[in-house]
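Let's take a walk through this protein chain together. Keep the structure open beside the text and follow along.

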Amino acid sequence: MSVSDSETSAPPRMNDTTNTMSLLLTRRSQSISKLTSVGPNEDELQLVLRAAARVPDHGKLTPWRFILFRGDKRSKFGEFLEARLRESRPDAGDLLFERARTIFSATPIVIGVVSRTVPHAKIPEWEQHLSAGAACMNIVLAATALGFGAQWITGWYAYDQKVASHLGLTDHERIAGFIFIGGLAEQPTDRDRPQLAAVVTDYGT
């Protein structure tokens, strides 16, 4: 049974708090090269997208949208990326040409998050972009909570105007990120994290 937009989930119970905090404190991005071809099914994908759409959104502007890359459309987009890279950087080399052609086929699904700003008297564009970034993070968290690995990247293709036109982006839209989702071949090891004392200050001290 598909998950509809109209369905609402009950808020987390108090005894879910430990699991939620564990997810937040242990989440780790997984390299695309280490993700497997096992991806979310349709119901799981709908859960991920519902989580992505449930982010702070001042003014209810919905300043983001999502592009799904799946099936044979992944390789078709890869062919376009390779052609575009050969056009813009003909000396990039065979390794980068191959990566452009194959990267979107490396995982069963890629979710492109488009940040789209609208002129508003009270809500700056910066806040709208931040909302799109929050949508990216919710995708990563939701995918992780479902047992998948995820990596949020941009890459040169997130900033290329011809790629943006190919994807149908307007003048007020830009790519906030591409989130690659797949199975976990192995549990990712953690990396060093900043010491809180280095990044936290009290106002007025």
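What follows goes from confidence to cores, then to helix packing and a handful of individual residues.

First, some housekeeping. This is a predicted model, with local features described where pLDDT is at least 70, side-chain atom pairs counted at pLDDT 80 or more, and totals for chains, interfaces and linings taken over all residues. Residues are numbered from 1 along each chain as its sequence is written, and side-chain values use heavy atoms, leaving out hydrogens and water.

How confident is the predictor? On pLDDT, its per-residue confidence from 0 to 100, the protein chain averages 92, and 93% of the residues score at least 70. Residues 1-8 are where to be careful: their pLDDT is below 50. Beyond near neighbours in sequence, that stretch has twelve contacts in the model, a contact being heavy atoms within 4.5 Å.

Now for the inside. A nonpolar core here is a set of buried Ala, Val, Leu, Ile, Met, Phe, Trp, Tyr and Cys residues joined through side-chain atoms within 4.5 Å. Buried means under 20% relative accessible area, exposed means over 50%, and partly exposed is in between, using a 1.4 Å probe and protein chains only. The largest nonpolar core holds 24 residues, and the members touching the most others are Phe-69, Phe-104, Tyr-157, Leu-167, Phe-178 and Phe-180. Elements giving two or more residues to this core are β2 (64-70), α3 (73-88), α4 (94-102), β3 (109-116), α6 (161-166) and β5 (173-184). Those labels come from DSSP runs numbered from the N terminus: helices are H or I with at least four residues, strands are E with at least two. Apart from this core lies another, of 20 residues, including Leu-45, Val-48, Val-55 and Val-140.

Next, the helix pairs. For the packing values, axes are lines fitted to C-alpha atoms, for helices over the stretch in contact, and angles run from 0 to 180 degrees between N-to-C directions. α3 and α4 pack at about 150 degrees, with 6 Å between their axes. That makes α3 roughly antiparallel to α4; the classes are under 35 degrees for roughly parallel, over 145 for roughly antiparallel, 65 to 115 for roughly perpendicular, and oblique for the rest. On the α3 side the contact uses Gly-78, Glu-79, Leu-81, Glu-82, Leu-85 and Arg-86, and on the α4 side Leu-96, Phe-97, Ala-100 and Arg-101. The crossing of α3 and α4 is right-handed, where right-handed means that the near helix is turned clockwise from the far one by less than a right angle, and left-handed means anticlockwise.

α2 and α5 are another pair to look at, packing at about 145 degrees with axes 8 Å apart. Their crossing is right-handed. Val-48, Ala-51 and Ala-52 of α2 meet Ala-135, Asn-138, Ile-139, Ala-142 and Ala-143 of α5.

Stay with α5 (residues 125-145) for Gln-128. Is Gln-128 buried or exposed? With a relative accessible area of 2%, Gln-128 is buried. Among the residues Gln-128 touches, not counting those up to four places away in sequence, are Leu-61, Pro-63, Ser-115, Arg-116 and His-120.

Over in strand β4 (residues 149-153) sits Gly-149, also buried, at 3%. Gly-149 and Arg-28 are 121 residues apart in sequence, yet 8.4 Å apart in space, C-alpha to C-alpha. Not counting residues up to four places away in sequence, Gly-149 touches Gln-30, Leu-35, Phe-180, Ile-181, Gly-182 and Leu-184.

Leu-169 is in the loop between α6 and β5, and with 11% relative accessible area this loop residue is buried. Beyond residues up to four places away in sequence, its contacts are Arg-65, Ile-67, Val-114, Ala-164, Arg-174 and Ile-175.

Finally, check the backbone. Most residues other than glycine have a negative phi. Lys-60 has a positive phi of about 55 degrees, and Thr-62 has a positive one of about 50 degrees. Lys-60 is in the loop between α2 (42-52) and β2, and Thr-62 lies in the loop between α2 and β2. Lys-60 is exposed at 76% relative accessibility, whereas Thr-62 is partly exposed at 30%.

Notes. pLDDT = per-residue confidence, 0-100.
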